[in-house]
Amino acid sequence: MARVVVDVMPKQEILDPQGQAVANALPRLGFDGITEVRQGKRFELEVADDVDDDTLAKIAETLLANPVIEDWTVRRVDA
């Protein structure tokens, strides 16, 4: 078995109201120097060793992310 992480983030040209809300709250909480926050999603999958990268990319593109407004990356990590 392998562990795969899929990170999904809004594309840079897409507004991120959740990230903006966090960025606006940080100075009020005493955290200065943060200029931008982007909020995304992280998925962790346990997959059989024979699942190839093309299949993982297809899963990310068709189920985990909306490719119109989101970018995604797939990476294998040590279990």
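Guide: Let us begin with accessibility: a residue is buried under 20% relative accessible area, exposed over 50%, and partly exposed in between (1.4 Å probe, protein chains only). This is a predicted model, in which local features need pLDDT of at least 70 and side-chain atom pairs count only at pLDDT 80 or more, while totals for chains, interfaces and linings use all residues. Residues are numbered from 1 along each chain as its sequence is written, and side-chain values use heavy atoms, leaving out hydrogens and water.

Visitor: What percentage of the 79 residues of the protein count as buried?

Guide: Buried residues make up 23% of the 79.

Visitor: Which elements does the protein have, and in what order do they run from the N terminus?

Guide: Helices (H or I, at least four residues) and strands (E, at least two) are DSSP runs, numbered from the N terminus. Here there are two helices and three strands, arranged as β-α-β-α-β. The radius of gyration, taken over C-alpha atoms, is compared with a globule rule of 2.2 Å times the number of residues to the power 0.38. The value for the protein is 16 Å, well over the 12 Å that the rule gives for 79 residues, so the protein is more spread out than a compact globule. Its C-alpha trace spans about 50 × 30 × 15 Å along the principal axes.

Visitor: How many salt bridges does a search of the whole structure find?

Guide: Side chains of opposite charge can pair when their charged atoms come close. The term salt bridge requires a side-chain nitrogen of Lys or Arg within 4 Å of a carboxyl oxygen of Asp or Glu. The search finds six.

Visitor: Which residue forms a salt bridge with Arg3?

Guide: The partner is Glu44, with the closest N and O atoms 2.7 Å apart. Since Glu44 lies in strand 2 (residues 41-47) and Arg3 in strand 1 (residues 2-10), the pair ties together parts that are 41 residues apart in sequence. Glu44 is partly exposed at 45% relative accessibility, and Arg3 is partly exposed at 25%. Glu44 also forms a salt bridge with Arg42, again with a closest N and O distance of 2.7 Å. Arg3, Arg42, Glu44 and Glu46 are linked in a network of salt bridges.

Visitor: Which side chain meets Asp7 in a salt bridge?

Guide: Arg75 does, at 3.4 Å from N to O. Asp7 lies in strand 1 and Arg75 in strand 3 (residues 70-77), so this pair ties together parts that are 68 residues apart in sequence. Asp7 is partly exposed, with a relative accessible area of 22%, and Arg75 is partly exposed at 37%.
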